[in-house]
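The sequence and the model come first.

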Amino acid sequence: MNFEYTEEHLAVRDAAREFAQTELLPGVIERDTHATFPHAQIKEMGALGFMGMMVDPKYNGGGMDTISYVLAMEEISKIDASASVAMSVNNSLVCWGLEKYGNEEQKEKYLKRLAKGEIIGAFCLSEPEAGSDATSQKTTAERNGNHYLLNGTKNWITNGNTASVYIIIAQTDPLKGHKGISAFIVEKDWEGFVVGKKEDKLGIRGSDTHSLMFTDVKIPVENRIGEEGFGFRLAMETLNGGRLGIAAQALGIAAGAYELALAYSKERKTFGKPICQHQAIQFKLADMATEIEAARLLVLKAAWLKDQGKEFSQASAMAKLYASKVAMDVTIEAIQVHGGYGYVKEYHVERLMRDAKITQIYEGTSEIQKIVISRGILS
């Protein structure tokens with residue numbers, strides 16, 4: 001076992017930390033309050049290479065490993081989870097799927113711009129009746145000569161209105177069930193593609209979450225990813241990496257809240273001394289630090305397994321299940337350490353608590369992670 005980061009890992013982590021502190025922290029409360037997407041900040045993240053970190057350099061990516069990616073995700077998430085979820089979707093769901101299974105024409109046309117951050121992407125699997133049960137796709141893509149006609153609705157789509165390129169999972173042969181599900185690349189400005197209202201959310205309020213409606217949207221056959229019927233496998237494999245990105249996000253939210261609580265405990269005084277000298281607060285900080293370190297090791301192990309080409313689906317499910325729980329537990333305790341100040345926006349921790357909850361829901365709920373884990377340990 002080697003628990004040391006490489007010089008490259010440290011450089012990536014430090015660059016992400018500096019960017020988060022200097023570019024994301026100013027205005028993060030206002031963006032949350034007004035549900036404003038961080039356009040300028042995401043553009044800068046693209047310029048710095050954070051939107052296509054693991055993509056091969058020949059497609060304008062950073063060529064980095066998964067450990068570098070989760071380290072950067074943690075640092076960005078400490079400050080602004082709305083920015084980090086856009087980063088996670090673009091890296092884990094969109095760029096990864098295109099690089100792994102797209103053809104050369106698709107990579108040249110779409111992946112190069114996505115990896116460079118010139119445009120951002122969205123991954124469209126969830127529907128009103130197909131959340132955790134991803135097999136129940138009602139969106140259809142019917143072959144008609146050299147194109148498909150796409151009809152249906154997707155919801156809870158991150159980057160829903162800001163994206164330019166969308167990976168759409170749709171049913172091409174309903175009689176085959178999940179084996180009749182296919183994947184397509186769709187562009188935003190195609191006729192019949194309508195972006196619905198923006199969701200007014202509890203947390204990650206700066207994230208661009210929308211429903212999407214499709215009415216006879218014409219998709220060229222060359223925009224299908226893989227063969228017909230490949231879509232469900234693509235979605236499931238993509239989500240393995242996606243849940244790892246969200247595990248790193250949850251870890252970052254927890255670590256950010258802990259760092260704020262630790263700093264505040266050294267400044268705030270009661271009964272004539274800093275509250276960090278009271279055992280009640282010391283024990284809270286000890287529990288928070290221990291839980292965060294355990295979550296970090298689970299995240300890093302899953303990332304390492306992925307980098308080694310080993311099976312990592314169970315490890316990533318464990319990382320997401322535990323890190324998302326730690327995010328909720330630690331942010332609640334961080335508010336408690338802050339007392340009344342923790343309940344107001346100025347001190348950031350109430351926002352981190354609101355952001356934490358979604359990590360137990362998207363990219364597979366905690367209950368779904370337990371199904372993945374139990375299948376792994378019973379097989």
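Which backbone oxygen does the side chain of Gln-106 reach at 2.9 Å? One is that of Glu-222, at 2.9 Å. The model is a predicted one, and the values below are computed from it.

**Gln-106.** The side chain of Gln-106 also reaches the backbone oxygen of Arg-224, at 2.9 Å. Gln-106 sits in helix 6, which covers residues 104–116. Its relative accessibility is 3%, so Gln-106 counts as buried. Beyond its neighbours within four places in sequence, Gln-106 is in contact with Leu-111, Ile-185, Glu-222, Asn-223, Arg-224 and Ile-225.

**Lys-78.** A lysine in helix 4, Lys-78, is buried as well, because its relative accessible area is 10%. The side chain of Lys-78 makes a polar contact with the side chain of Glu-259, at 2.8 Å. Not counting residues up to four places away in sequence, Lys-78 touches Arg-17, Gly-252, Ala-255, Gly-256, Glu-259 and Leu-352. Lys-78 and Val-195 are 117 residues apart along the chain, and their C-alpha atoms are separated by 30 Å.

| Side chain | Partner | Distance |
|---|---|---|
| Lys-78 | Glu-259, side chain | 2.8 Å |

**Strand pairing.** Strand 7 (residues 209–220) pairs with strand 3 (residues 147–158) in the antiparallel sense, over nine bridges. Strand 6 (residues 193–198) also runs antiparallel to strand 7, and four bridges join the two. Leu-212 in strand 7 stands opposite Lys-154, and Val-195 likewise stands opposite Leu-212.

**Nonpolar cores.** The largest nonpolar core has 65 residues, of which Met-45, Ile-76 and Met-87 touch the most other members. At least two residues of this core come from each of helix 1 (7–24), helix 3 (39–47), helix 4 (66–79), helix 5 (81–101), helix 7 (231–267), helix 8 (279–307), helix 9 (313–338) and helix 10 (349–357). Helix 7 gives the most, with 13 residues. Leaving aside neighbours within four places in sequence, Met-87 is in contact with Met-45, Phe-50, Met-51, Met-53, Tyr-69, Ala-72, Met-73 and Ile-76. A second, separate core holds 47 residues, including Val-55, Leu-111, Cys-124 and Trp-190. In soluble globular proteins, nonpolar side chains tend to be buried together.

**Cysteines.** How many disulfides does the structure hold? The number is zero. A disulfide is a covalent bond between the sulfur atoms of two cysteines. For Cys-124 the closest cysteine sulfur is that of Cys-95, and at 14 Å the two are too far apart for a bond. With 0% relative accessibility, Cys-124 counts as buried.

**Overall fold.** The protein chain has eleven helices and ten strands. Its radius of gyration is 21 Å, close to the 21 Å that the globule rule gives for 379 residues, so the chain is as compact as a globular protein of that length. Along its principal axes, the C-alpha trace spans about 80 × 45 × 35 Å. Of the 379 residues, 54% count as buried. Among contacts with a separation of 6 or more, 73% are accounted for by residues 24 or more positions apart.

Key
Residues are numbered from 1 along each chain as its sequence is written. This is a predicted model: local features need pLDDT of at least 70, side-chain atom pairs count only at pLDDT 80 or more; totals for chains, interfaces and linings use all residues. Side-chain values use heavy atoms; hydrogens and water are left out. Buried means under 20% relative accessible area, exposed over 50%, partly exposed in between (1.4 Å probe, protein chains only). A polar contact is a pair of N or O atoms within 3.5 Å; within protein, one must be able to donate a hydrogen and the other to accept it, and residues adjacent in sequence count only if both atoms are side-chain atoms. Contact means heavy atoms within 4.5 Å. A disulfide is a pair of cysteine sulfur atoms within 2.5 Å. Two strands pair if DSSP finds at least two bridges between them. A nonpolar core is a set of buried Ala, Val, Leu, Ile, Met, Phe, Trp, Tyr and Cys residues joined through side-chain atoms within 4.5 Å. The radius of gyration is taken over C-alpha atoms; the globule rule is 2.2 Å times the number of residues to the power 0.38.
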